Each structure stands twice: as structure tokens, then as C-alpha cells.
Amino acid sequence: MSGSYDDSVGVEVSSDSFWEVGNYKRTVKRIDDGHRLCNDLMNCIHERARIEKGYAQQLTEWAKRWKQLVEKGPQYGTVERAWCAFMSEAEKVSELHLEVKGSLMNEDFEKIKNWQKEAFHKQMMGGFKETKEAEDGFRKAQKPWAKKLKEVEAAKKAYHAACKEEKLAISRETNSKADPALNPEQLKKLQDKVERSKQDVLKTKEKYEKSLKELDNATPQYMENMEQVFEQCQQFEEKRLRFFREVLLEVQKHLDLSNVASYKNIYRELEQNIKTADAVEDLRWFRANQGPGMSMNWPQFEDDEWSADLNRTLSRREKKKASDGVTLTGINQTGDQVSQPNKHSSVSSYEKNQSYPTDWSDEESNNPFSSTDANGDTNPFDEDTPPTMEVRVRALYDYEGQEQDELSFKAGDELTKMENEDEQGWCKGRLDNGQVGLYPANYVEPIQ
């Protein structure tokens, strides 16, 4: 094409210029690229949402694991609560990251998906309507100018061929003058050939200049039409670019937890929980619960138990409240036999409801605890209860045994239940160290 409309005179023009025939296809391809970039952005957000979800799950699992380890570990008091505050922080942050994941997928991802559907319209034959419109617009704008450019190329080729033929004819004529073997007639033909070649050069040059002038005259209209179609493509691309910027800003807001009030409160609360840790308070608690400040059942004189057949003994507190009629050899049936059991009572329903005769001996006929009566029937005092299967249980709370026949344990400790709960709410169990004793039934739960 002519250089008349090239603003940068003297600068080498690339053959890859937009104005070259067919080079508008890069602008058309940008429309298809816009659709693909929407898919890429959605995939990018989807992957980030998966990362947020995975991080939230990891925080939850970490908090659950370490909360159990700390609670079952040797740490105690206010420092234990401060340590556990980190697990609470993790659980709350996990919830926030799940909210981020939801915002990315339910808002940002869906917004891009809907915009893409509205901006790009698929055709039955494949491709997009917007792409075809741009392709047709550029082709229509370029077709007249491309036709004239083709004429210019043909005229240029003919002109260059005529110039070449002219040079060959002149060369032959010059060489023939030095050849004495050529007759005048042959020399005349060579001179005529030179003359015809010069005329052909003039004709092809004139045609070439004419077609080039026509191309130059058509160039302004060509540029205007191409600019118009290109501007339409620019406007379409501008909408996409502005939309992407808007979406990316929304994604940034969803990812930036530093501006979320609840996020700030989490770490403000965490800091407060840590600052409440008090070494003096913890040492005072340990002294009272694990050290010299603990209560002690100091040894004192105790009578032998009056019945070897009973599985449980009266607590010291109940023994003090029992009537003076109870002796090692008999039980007086006077007044109330036993006072009401307190919180730590271990009296069974059998012991509480039975009264015994004043005089009894080891003879089988008079012993109310013998296995058979005088008629050979079974002992009416024997409880016809099936044996209890041992069950593993876990302590829900700390319990400090108040009597010698009671067990002591910490929340989370495991032990074996040997007998079911009695009417007073007590169970018989065995610790892992082999110690057997009683404990409140509502202080434990079965291990699943």
C-alpha cells in the first residue's frame, strides 16, 4: 500500500500491521479469548474456594485434636484455659473461611457465569454471534481495498517484468553490434525489440501508477470502515475488562478478613483470654486440689464390718447416724434403723429396707441369711438378679472420693463399671490400677 497515509515517515513499517489484509483476525480472536478468560477466572476462583474449604477443615481438625490433648494433659488452671483459647480461635476462623468459600462460589463465581452467558451468544453452527459479526464487519470493510491492492500487485508485477525485458533487449542489441556475423536485417529486429520493450515499460508503468493512485484514493475510506468495526470490538472488550476489574475487587473484599469486625474480635478475645492466665492463681489451685491444702481421711479406729455377705459397707457418715442398736452380733429393731443417705451414701436398697431379729445365731435354722429356709425354700433375702457385665466408662467430671470405699478420678479418665446403678445412684467400679470402689453413676458415660 502507499505510504501516503503513514504518520511515521521514515520508520520501517512492519508487515504484521493491522492494516494488512487479514490481520484483523487478531482482533476477532480477542472476542473468543474473552470467553475463555471468563472460564479461566471461574476456575481460578473455584480452586481458591477449595483451598479455603480445605483450610477451614484443617483448622477444625487441629482444634479438636489439640483441645482433647490439652484437656487430658497435665496442664491446669488459667493457663490451660488460655491454651484452649487458641483452639476456640481456630474454630471461629474456620467458620469465617467457610464463609469466604461460600462468597467466592455463590457470589463471585455465579456473577462471572451469568455475565458470560449474557455477553456471549452461541450459534447453532458453532462459535459466537459476536465473533461472526466482527469477522463479517472487517471482511466487508476490507474487501474493496483488498481488491484494488490485488490490482496494484498485478500492475507492479507487469511493470517489473517489462523493465526486465527492456534491459535484456538493450543488452542483446549492444552485443549484436560487436558481432560481424549478424546481417543488417537481424540487427534491425533487435532494435525493433528494444523499441517495443520501451513502449511496454511506459504502458505498464502508467497502469501501475494509475492502480496505485486508485488504491491511495480508496485508503481513507478503507481506514474509516476498519476503524469503525475495530471500535465496536474495543467497546465490547472494554465491557469485559471493566467487569473483570469489578469482580476482582469483590473477590479481594471477600478474601480480606482484616476488615471483618468478627475477625478482629476473635483475636481481641484471644488476647484477653491469654492475659487472664495467672500463675499465682494456678499455684493456689494446685495447692488446694493436689497439694497440702487437700482434705485427708486420717486413720482412726474402726470396728469390723458386721456382714461379710454384703457387697457394700455403710459410709462412716452413715455409721455415725445409725442407731446404737447395731452391734457386731445383732441388730436392734428400735426406732429408725438408718438415717436418710446423704450425697455420698453407699447404702443399697436391700440394707435400707430390711430389719433384723434381735437374737440370731450361726445355726442354719435361725440364720435369716442362710441359703434355704426350714422348708427347703430359697432365701427370701436373696436377690434374683442376673450377673452384671463389665462395661468401660469415661468420667465426665472430676470426683474426689469422700470415703475409703469410694473411687477418685479426673474428667476423661476411663474405668470399668462392675455393677449397675443402685437406688441411691451409685455404681461399683474398678480403676485401671486395680482399685475397686463406688462412684456416682451420673459422673460417667459409656464409651462408645
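Two strands are taken to pair if DSSP finds at least two bridges between them. Helices (H or I, at least four residues) and strands (E, at least two) are DSSP runs, numbered from the N terminus. The model is predicted: local features need pLDDT of at least 70, side-chain atom pairs count only at pLDDT 80 or more, and totals for chains, interfaces and linings use all residues. Residues are numbered from 1 along each chain as its sequence is written, and side-chain values use heavy atoms, with hydrogens and water left out.

**View 1. The chain holds 8 helices and 5 strands.** From the N terminus on, the elements run α-α-α-α-α-α-α-α-β-β-β-β-β. Of the 448 residues, 31% count as buried; buried means under 20% relative accessible area, exposed over 50%, and partly exposed in between (1.4 Å probe, protein chains only). Contact means heavy atoms within 4.5 Å. Of the contacts with a separation of 6 or more, 67% are between residues 24 or more positions apart.

**View 2. The open sheet has 5 strands in the order β4-β3-β2-β1-β5.** The pairing in this sheet is antiparallel. β4 (436–440) and β5 (444–446) are the edge strands, each pairing on one side only. From one strand to the next the twist averages 50°; axes are lines fitted to C-alpha atoms, for helices over the stretch in contact, and angles run from 0 to 180 degrees between N-to-C directions.

**View 3. Bridges join the neighbouring strands of the sheet.** β3 (residues 426–430) pairs with β4 over 5 bridges, in the antiparallel sense, and L438 in β4 is the bridge partner of K428. Between β1 (residues 391–395) and β2 (residues 414–419) there are 4 bridges, also antiparallel; here R394 stands opposite E414 in β2. β1 and β5 pair in the antiparallel sense over 3 bridges, and A395 stands opposite V444 in β5.

**View 4. Helix α3 (residues 129–177) carries a kink at K143.** The expected span of a helix is 1.5 Å times one less than its number of residues.

**View 5. The largest nonpolar core has 43 residues.** A nonpolar core is a set of buried Ala, Val, Leu, Ile, Met, Phe, Trp, Tyr and Cys residues joined through side-chain atoms within 4.5 Å. I45, I112, F120, F138, M226 and V247 have the most contacts inside the largest core. The elements giving two or more residues to this core are α1 (25–72), α2 (77–119), α3 and α4 (184–255). α4 gives the most, with 13 residues. Apart from this core lies another, of 14 residues, among them A395, L415, L438 and A441.

**View 6. M226 touches residues including F18, W19 and Y24.** F138, A141 and Q142 are also touched by M226, residues up to four places away in sequence not being counted.

**View 7. G127 lies in the loop between α2 and α3.** At 44% relative accessibility, G127 counts as partly exposed. G127 touches H121 and K122, leaving aside residues up to four places away in sequence. G127 and D32 are 95 residues apart in sequence, and their C-alpha atoms are 8.3 Å apart in space.

Definitions and conventions. Bend = angle between axes of the 7 residues up to and from the residue.
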